Amino acid sequence: MVLDPHPQVARVAVSVHYGVGFRSEPAWAAGFAHLFEHVMFEGSESVAPLKHGDHIHRVGGSGDARTHQDYTEYFQVVPPEAVELVLFLEADRMRAPRFTNEGLKRQLSGVAEEIRTTVTERPYGGFPWPRLPELLYSTFPNAHDGFGSTAVLSEVTVEQCQEFFDTYYPPGNATLTLSGNLDPDQVRPLVDRHFGTIPPRPGPPPSVLTVPAGDTPRQGTVQDPRIALPGIAVGYQLPNPATSLQEYVAHHVLAHVLPLAWNKPGIIRRDGGCGIFGPFDARDPDTLILVAIHHSSLGAPEVLAALDAHITELADCALSTDAFTTWRDHLIHEHHHRHADVLVRCRALGRLEILWDDAELLDRIPAHLAALTSVDITAAARRLAAQKRAVLQIVPAPETPV
C-alpha cells in the first residue's frame, strides 16, 4: 500500500494496480488482459453489473481503468468523505468479481468497438503502436498487439475468466495507492476493514520478457486508405531502468532532442518519447519511439538520413550546453507540472510500485534529470547508433479504380 497525503488538495485519488498486462497473457488468449479489464466492471459479490461507476459518479467522482504492457490499473478520484466507498468497491471486486456469459458478451462488444474506433477505422490507427513493436521484437509477449482477435476472444469462457482472475489477481499481485487529502492514521483502519479479510492466493508466474539481440535492422510498410500523408516510425530498445536508471534518463532527454532532426520543410509533425505508453511505464524491454508525418514529396530515405545525421552528430560531439539545459529543464518542469494533478500522481506512484517496488522513484526523477550532463546524451546517441532498429512506414493506400 502507498499512502501519499497532501492536505492542501481538495480530493483523494485511489488506484489499484495489478501486476498483469498484455505481456502476461498466453498466446492462445491474446487480448485477454484488456478484455478482462472491461469484465472487472461486470459487478462483484455486493455490486450489481456495471454499477461500480454509478457509485463513484453519485458522490461527484470519476474513474476508469487501463491495461498496459505489464500492469492493469483501476483508478478514481473522489471527495475525501467518499474514500471508504472506493475502498469497499475495489475490495469487493478483488475478493469476488462477477463473471457471467452475458457480461462477457457485453464487454466483448465494447472491446470490439474500441478496436474499431482506435485502430482499424481510425486514420493512422495502429501507428506506431501496436505495429512498431511487431517489427522490433520477435518474441510473442513483446510483439503482439494487446488487442487480440475478437473472434478468438468470443470463445473465452466464464471458467477461463475465473482461472485468469485466480492466477493474476491475487492480493499479493496488487498495489493499493491513495494520494491527496487523506490522513494515513484514518485510512489504514479502513483498508484493513475492507481488504484485510480477502484470502491470500499464490502470486502469478513471472513473465519471460527477455529478447534475443537483434542482428539486422527490420523494416516494414503498411497501407492506410484513410490517410493522405505518409509517416515513419523508428523504434530502438531502451536501457533497462531497473539496472541502468541514469542511462534510461539520458534516453528520455535524447528522445526529445532527436526529432529536431526533422525541423525541415515537408515535415508536418514530429515527435519522440520513451516507452510505448510513456516513460517509466514498463519493465525491460521497452521502446524509444520517433515519429514523423511528412509530405509525399519528401522520401522516406531522406527523412531517415536526416535522423541518422543528427544521431551521428550527437554521438561525435556533446550537445551544446544551451540546448541540453533547455531540454533537461523542460522535462523537469513537465514532470512537476504533470504530477501536480492528484490522479496523475496517484497512478504514477502505483505504477512505479507495482513495476519496481519503488513508488518513491517518482519524486527522484527530477534529481536524476538534473544530474545529467551533455556527455550522457552523447553516450546515449552512440548506443542508438550501434543498435539494430525497426523502421515502420505508413503510406496512403493507392486509389481503387471506380
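**Sheet, cores, helices and loops**

Guide: Let's start in the sheet. Gly220 stands opposite Leu392 in strand 10.

Visitor: What kind of model is this, and how are residues numbered?

Guide: It is a predicted model, in which local features need pLDDT of at least 70, side-chain atom pairs count only at pLDDT 80 or more, and totals for chains, interfaces and linings use all residues. Residues are numbered from 1 along each chain as its sequence is written, and side-chain values use heavy atoms, with hydrogens and water left out.

Visitor: And how do you define helices and strands?

Guide: They are DSSP runs, numbered from the N terminus: helices are H or I with at least four residues, strands are E with at least two.

Visitor: Back to strand 10. Which way does strand 6 run against strand 10, and how many bridges join them?

Guide: Strand 6 (residues 218–224) and strand 10 (residues 390–396) run parallel, joined by seven bridges.

Visitor: What about strand 7 and strand 10?

Guide: Those two run antiparallel, with five bridges. Strand 7 covers residues 231–237. Val234 has Val391 in strand 10 as its bridge partner.

Visitor: What is the strand order in the open sheet?

Guide: The order is 6-10-7-9-8, five strands with mixed pairing. Two strands count as paired if DSSP finds at least two bridges between them. Strand 6 and strand 8 (267–274) are the edges; each has a single partner strand, so one side of each has no neighbour in the sheet.

Visitor: How much are neighbouring strands turned against each other?

Guide: By 15° on average, direction ignored. Axes here are lines fitted to C-alpha atoms, for helices over the stretch in contact, and angles run from 0 to 180 degrees between N-to-C directions.

Visitor: Which strands does helix 10 lie across?

Guide: Strand 8 and strand 9 (287–294). Helix 10 runs at about 175° to strand 8.

Visitor: New topic. Which residues have the most contacts inside the largest nonpolar core?

Guide: Phe36, Leu87, Tyr169 and Leu178, in a core of 67 residues. The largest share, six residues, comes from helix 3 (residues 83–95). A nonpolar core is a set of buried Ala, Val, Leu, Ile, Met, Phe, Trp, Tyr and Cys residues joined through side-chain atoms within 4.5 Å. Buried means under 20% relative accessible area, exposed over 50%, partly exposed in between, with a 1.4 Å probe and protein chains only.

Visitor: What is Phe36 in contact with?

Guide: Leaving aside neighbours within four places in sequence, Phe36 is in contact with Tyr74, Phe99, Cys161, Phe164, Phe165 and Tyr169. Contact means heavy atoms within 4.5 Å. There is also a second, separate core of 52 residues, including Tyr71 and Val234.

Visitor: Now helix 12. How far does it reach?

Guide: Helix 12 (residues 321–338) reaches 25 Å from first C-alpha to last, close to the 26 Å expected at 1.5 Å a residue. That expected span is 1.5 Å times one less than the number of residues.

Visitor: Which of its residues are buried?

Guide: In helix 12, Phe324, Arg328, Leu331, Ile332 and His335. Seen down the axis, they fall within an arc of 100°, so they line one face of helix 12. The arc is that of the directions from the helix axis to the C-beta atoms.

Visitor: What's on the other side of helix 12?

Guide: Asp322, Thr326, His333, His337 and Arg338 are exposed there. The buried residues of helix 12 pack against helix 10 (245–257), helix 14 (361–370) and helix 15 (374–385).

Visitor: Where are the cis peptide bonds?

Guide: One joins Phe127 and Pro128, with omega about 5°. Another joins Trp129 and Pro130, with omega about 10°. Pro128 lies in the loop between helix 4 (101–120) and helix 5 (131–136), and Pro130 is in the loop between helix 4 and helix 5 too.
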